[in-house]
Amino acid sequence: MKLHGYWRSSTSYRVRIALNLKSLDYDYAPVNLLKGEHRSEAYQAVNPHGTVPLLDTGDLQITQSLTAIDWLDRTYSQAPFVPDDPAMAALCRDLYFAVATELHAPNNMPVLTYLRSEFGADDAAVIAWQERWIHKTFTPIEQRLEATDWMGDLPFGTPSLFEIVLMPRLYNARRWKTNLEPFPLIRRIETICATLEPFQRAHPDTQIDAT
Ligand SMILES: N[C@@H](CCC(=O)N[C@@H](CS)C(=O)NCC(=O)O)C(=O)O
């Protein structure tokens, strides 16, 4: 299995966490977004979307991180990403999609770059923009976490779909110095995941292409 990715890409980071939680070996092929390698003819021949990550399973070329995570969970039964209980599974997927779609989309790098180039946004405006979407998504998540009987130290007992997408967004939030004080439960989850080896090995700073 080969993962084409970029160290700081939050969607690549998601898939690295998922691969590590399943204890799978994979080759990592860096694609330098800053040098525009994702727009090269050679890369677009394998991924016409021109984005990372791309998970090449040998049989399949999966171009969406959420599809890759779903494929991994269906293909490898160890360390399941969703709890068995239907109500907890629904909550887990709710939180997962809130972070992976509603929060990821407005704060993704191409959007921030466009805000700068087309609308003249400076650093302060970009930071305010990101904080606005983080708080909009994290506030209801924090409330729902508070109203839930956790299955252990983590809400769903073991690392789930939710933590797989949450940790990369928290990395970005920290990078942009977003105020996370109002979210103690989310911070507690962050602290726990940060001690777990599959998350540590997936961290951007430990990748071979980190600069
Ligand atoms: N929906 C895609 C989004 C992938 C995505 O946005 N990747 C970013 C890096 S995090 C990218 O490749 N950006 C380069 C670009 O769009 O030019 C997924 O989840 O895999």
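The C-alpha centres of domain 1 and domain 2 lie 20 Å apart. The model is predicted: local features need pLDDT of at least 70 and side-chain atom pairs count only at pLDDT 80 or more, while totals for chains, interfaces and linings use all residues. Residues are numbered from 1 along each chain as its sequence is written, and side-chain values use heavy atoms, with hydrogens and water left out.

**Domains**

- The protein chain splits into domain 1 (2–79) and domain 2 (86–199), with bounds that come from an automatic or database domain assignment.
- Contact, meaning heavy atoms within 4.5 Å, links 13 residues of domain 1 with 17 residues of domain 2.

**Nonpolar cores**

- A nonpolar core is a set of buried Ala, Val, Leu, Ile, Met, Phe, Trp, Tyr and Cys residues joined through side-chain atoms within 4.5 Å.
- Buried means under 20% relative accessible area, exposed over 50%, and partly exposed in between, with a 1.4 Å probe and protein chains only.
- The largest nonpolar core has 59 residues, of which Phe138, Ile141, Leu145 and Phe162 touch the most other members.
- Elements that each supply at least two residues of this core include α1 (10–21), β3 (54–56), α6 (123–146) and α7 (161–175); helices (H or I, at least four residues) and strands (E, at least two) are DSSP runs numbered from the N terminus.
- With 10 residues, α4 gives the most to this core.
- Both domain 1 (2–79) and domain 2 (86–199) give residues to this core, so it lies between them.
- Ile141 is in contact with Leu95, Ala98, Val99, Phe162 and Ile186, leaving aside its neighbours within four places in sequence.
- Another core, of five residues, lies apart from the largest one and has Leu112, Ala121, Val126 and Trp176 among its members.

**Helices α7 and α8**

- The axes of α7 and α8 come within 10 Å and cross at roughly 100°; axes are lines fitted to C-alpha atoms, for helices over the stretch in contact, and angles run from 0 to 180 degrees between N-to-C directions.

**Leu33**

- Leu33 sits in the loop between β2 (27–30) and α2 (41–46).
- Leu33 counts as buried, because its relative accessibility is 14%.
- Not counting residues up to four places away in sequence, Leu33 touches Tyr6, His38, Val52 and Met109.
- Leu33 and Val52 are 19 residues apart in sequence and 8.6 Å apart in space, C-alpha to C-alpha.
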